[in-house]
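Good morning, colleagues. Please have the sequence and the model open while I speak.

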Amino acid sequence: MTATESTEAATGVPFFLNGKSLTANKGELLIDACERNGVHIPRFCYHERMTPVGMCRMCLVEVDTGRGPALQPSCMLPVTPEMKVQTENEVTQRAQSGVLELFLINHPLDCPVCDKGGECPLQDNAYSYGPGESRFVEEKRHYEKPIPISDLVNLDRERCILCDRCTRFSKEVAGDPLIHFMGRGSETQVNTFPDHPFSSYFSGNTVQICPVGALTASPYRFKARPWDLTATESTAVIDGTGARIALQSSQDELVRVLGVDSEAINWGWLSDKERFGYESANSSSRLTEPLVKTGSGQTSDIGFAPIRWNNALARTAAALGANPERVGVIGGARLSVEAQYAWSKLLSKVALISNVDADLGDGIPADLALGLPRASIAETVAPGSVVVLMAGDPKEELPTLFLRLRHAAVEDGVSIVEITPRRTSLTKHAALSLHPRPGALGSVTEAMANGSFSGTVGGVEGSDLQAAAELLGSDRPVTVILGRANLAESSDFLRDAVQSILTIAPNAKFLPALRRGNLMGAFEMGLAPGFGMGGVPTEGGCSTEQILRAVVGGQIETLLLLGADPLSDFPDRALAAQAFDQVTNLIALDTFLSSSSTLADIVLPAAGFGEVDGSFLNIEGRLSPIQAKVTSKGQSRDDWLIAVGVAASLGADLGFSTLEELRIDLSANVASFSQVDWINLGRGDDGPLLDSTRDWSPEFGERKAVPAVDGYGLALVVDHKLWDLGTLVQNSATLAGLPEKAGLALSRSDFEKLATEEGERVTIETERASANLVVTIDDSCPRGTAHIPFRLPGFDVGELISVSSPVTTIRVAR
Amino acid sequence: MSRLSAANETLAREIISRYPRPKSALIPLLHLAQEQDGYVAADAMEQLAELVGVAPAEVLGTCTFYEMFKREPVGKYVLNICTNLSCQLNGGEELLHHAEQALGVRPGDVTDDGLFTVEDVECIAACTEAPCMQVNYRYEYRLTTSDFDELINDIRTGNRSDLPEHGTLGLVRQHIPADRLAGNESPEEAGTPSWFASRQPAPEDSGKA
């Protein structure tokens, strides 16, 4: 580094902007440096989160670097010392007006019927910098309008100005390069390959970043005009990442969700589930009034009658208050932190119920989520660090986190070590991919810790174990993304693996991969067995599995469901079904009639997404606000208000009757929330990271024995897909058709043993059940495993899973 | 016909091996696919995408950029008739018109018997011999309408066995001996190629003109 270079690094690069002497950061692009100094340069193709390409030429400015002034694209030009820049002189203005006139040659003037009209960068720039009149009198281009490039995105090609934003996004950010420029010259257009639609989980982002109205989303097309929309900033509550969003509504109906660029979380990107899932909030099947069961409870005779709120609350109170040790409470991950606090306070302080679990047996144990040293997302993806992925495919379970991880691996030299039962979407970017046989996760990590690298352990080569151990043991910071990669495998193995990893990398931090909404908040608020508010260990309390067993055993007769659907989501279908068959009182707090709440005796309608104020605690422990944008449907109420109502029926006072009072109470009673500035929460920043240090750490106990391998069977791997039969997807009109049919995927060698054809049906059998499924070859499955995704149409794989066996083995026959 | 034949797939892999990055082989591979079928079929593009490790959309993007990659089946003989300046002055337009009349097709179309595709092309670099035409990319010079009829008749009666199969642009495939091969190292890592190092040094400039 020379002397001048080091001064530049310390003090910045001096340059002149419209005659004013300013400083830019070293390496900063001119367009950014100008923006930071209050001078906006118009642009179409430039996007802060993507590589500049200099495609649109809208950002041309006159630059003199000592060789005389010349027009240069400011998005491609890092500021150099003493650079003289003119953004407002006549030369620049003529260039801007010329570029716009050329754009408007082929761009139709259909703004009055275009969804983008009113919020369109092309429209705005044409007003501000354009020539005002066109000299072009010839016929413009015409294309078929619109072509659906996927189920969610429509393309009007004549509006496209070829800025390369959508194509760059799909290739660079999402890694799904399914759209590309086709043709040449004036015939150039964006399109897909025939029969390969743009079915990316992130397709909606292209609609948001399109600077013209060329890309429109099916759920929003022709729904509203931008000037009729009002917006509020909120948080996506669909998965644990907690992406920041803007909620937009028109005439008291949610019509659009946009990603907000949050440096800490989602960088402006959203998955299509977070973006279009709002449709479910507008669904006509939403619960709007309290219901009481009138039918006999048999599947053939489910009947409900509306009742008044005070009756519903009184009945709920009676059921909960009678015999606290005979009550189990399942769920709470859908609720806001405030509602979780209210319910937790009601259950623990008023009703004295300790059998509470927000996890449905498909996440990770609460003590691991709460008690392990926590990494933030930014720490996880910090350049040069090592990420151990011991969770389900992030693209399917935590898609916005996947984008950050992908960026980290591709751009920032983060080494990903994957220890998963099968290949994931990150495999091609991973430094190492280890695929232990189901049940062998503990022994594989133990071998890594012990340095026994000879032969193979649990299906993993010794050389891979050694390489992984070396990466983890290096002095690079290590983060473990810890989640449930296989629902057909006991989570105890995860505990053993964590123990081993902590012996190799004692300073490792953890990021819990919690797929289910605000599960971290629920754990923190004490909706977890063995934990009270603030992650304080308590005595007793049953997990969801134990609650269901206790129902079957007759020790529990009342079940309260806090927005949970265990009948569909608990991995062991037979156990859940038996429990629901035997339960005496079933009370459900829900937004929809799910398969579980359909069986309830009392259904309490809750206000849904976009209808409540509150906050959300994401997987890294960051508290961000959830805001109400529209009024709640019918008589549905905020979840926390229902808790207050139940308490009142029990003759108790929770100590708050407004959200503000609740928050004061919460801050007073939960240590980690004592410093929260509720009034300014999430204003102008990403929300505070709450202190997650504990005065206890998880106990690892005895290591679990590795289950014997059944040489005639295949170990079952069950994980989640983004599009499934979940309530949200199924009640969103545009998303409902997206889940694929359930099928069985096998490795090539296992498939060949069957001597059948791809797409043929085969019989699968466990001790529990048998089924007939279509079989395909999937290279992501290691030999000896079989993959069936959870909750897909066609087959409920939960029928095969037994939570009492550590792994599930299936027999497959033609 | 669609995907590459086994022999052509082997050839495709050999072509890919000549480049530092598989993606760089895309244009020669598109030529190969067109050479096989006379046009680049959708299936072939999907196969090429797999071979070079890109998405099919990118292959289609490359293919559509070049007019001479055809994406619809062509006749057994592709007639490229030039109507650019020199040919136009010497009767190229009339020749094209005559071809349309004689074969009963519009430029870009295939005759019903699947034998001929007529194309109206821009300059094919034989202006001294205008008006000119290519038959499966082989030249016919100073063509009159009767010459054209004779040619069509010859082809129909099987007297033009010298013409290659449709789709073949080059007469020979490039084969560089191993010792002259630049190799497929990545450009950033490559040393001086052998053929460059073995060159005689240039004679020293004596300074006299």
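In this predicted model, A:Leu389 stands opposite A:Glu418 in strand E19 of chain A. Helices (H or I, at least four residues) and strands (E, at least two) are DSSP runs, numbered from the N terminus. Strand E18(A), residues 386–390, is joined to E19(A) by four bridges, and the two run parallel. Two strands are said to pair if DSSP finds at least two bridges between them. E19(A) also pairs with strand E20(A), residues 432–434, in the parallel sense over three bridges. There, A:Val417 has A:Leu432 in E20(A) as its bridge partner.

Is E19(A) buried or exposed? Five of the five residues of this strand, 415–419, are buried, so E19(A) is largely enclosed by the rest of the structure. Buried means under 20% relative accessible area, exposed over 50%, and partly exposed in between, with a 1.4 Å probe and protein chains only. In a regular strand the side chains alternate between the two faces of the sheet. In E19(A), A:Ser415, A:Val417 and A:Ile419 point one way, A:Ile416 and A:Glu418 point the other way, and all are buried.

A word on conventions. Residues are numbered from 1 along each chain as its sequence is written, and chains are lettered from A and ligands numbered from 1 in the order in which they are written. Local features need pLDDT of at least 70, side-chain atom pairs count only at pLDDT 80 or more, totals for chains, interfaces and linings use all residues, and side-chain values use heavy atoms, with hydrogens and water left out.

I turn to a hairpin. Strands E3(A), residues 60–64, and E4(A), residues 69–73, run antiparallel and are joined by five bridges. A:Val63 has A:Ala70 as its bridge partner in E4(A). Four residues lie between the two strands, and A:Gly66 in the turn has a positive phi of about 110 degrees.

Next, the cysteines. How many disulfides are there over all chains? The count comes to zero, where a disulfide is a pair of cysteine sulfur atoms within 2.5 Å. For A:Cys75, the closest cysteine sulfur is that of A:Cys59, at 3.8 Å, which is too far for a bond. A:Cys75 is buried, with a relative accessible area of 1%. For A:Cys114, the closest cysteine sulfur belongs to A:Cys120, at 6.3 Å, again too far for a bond. A:Cys114 counts as buried, at 7% relative accessibility.

Now the cavities. A cavity is a set of points, on a 1 Å grid over the protein atoms alone, where a 1.4 Å probe fits but cannot get out; lining residues have an atom within 4 Å of a point. There are eight cavities of 30 Å³ or more.

Finally, confidence. The predictor gives the complex an ipTM of 0.88 and a pTM of 0.92. Chain B averages a pLDDT of 87, and 83% of its residues score at least 70; pLDDT is the predictor's confidence in each residue, from 0 to 100.

Notes
On a 1 Å grid over the protein atoms alone, a cavity is a set of points where a 1.4 Å probe fits but cannot get out, and a pocket is an open set with protein on both sides within 12 Å along at least five of seven lines; lining residues have an atom within 4 Å of a point. Grid points are joined across faces, edges and corners, and a volume is the space filled by probe spheres set on the points.
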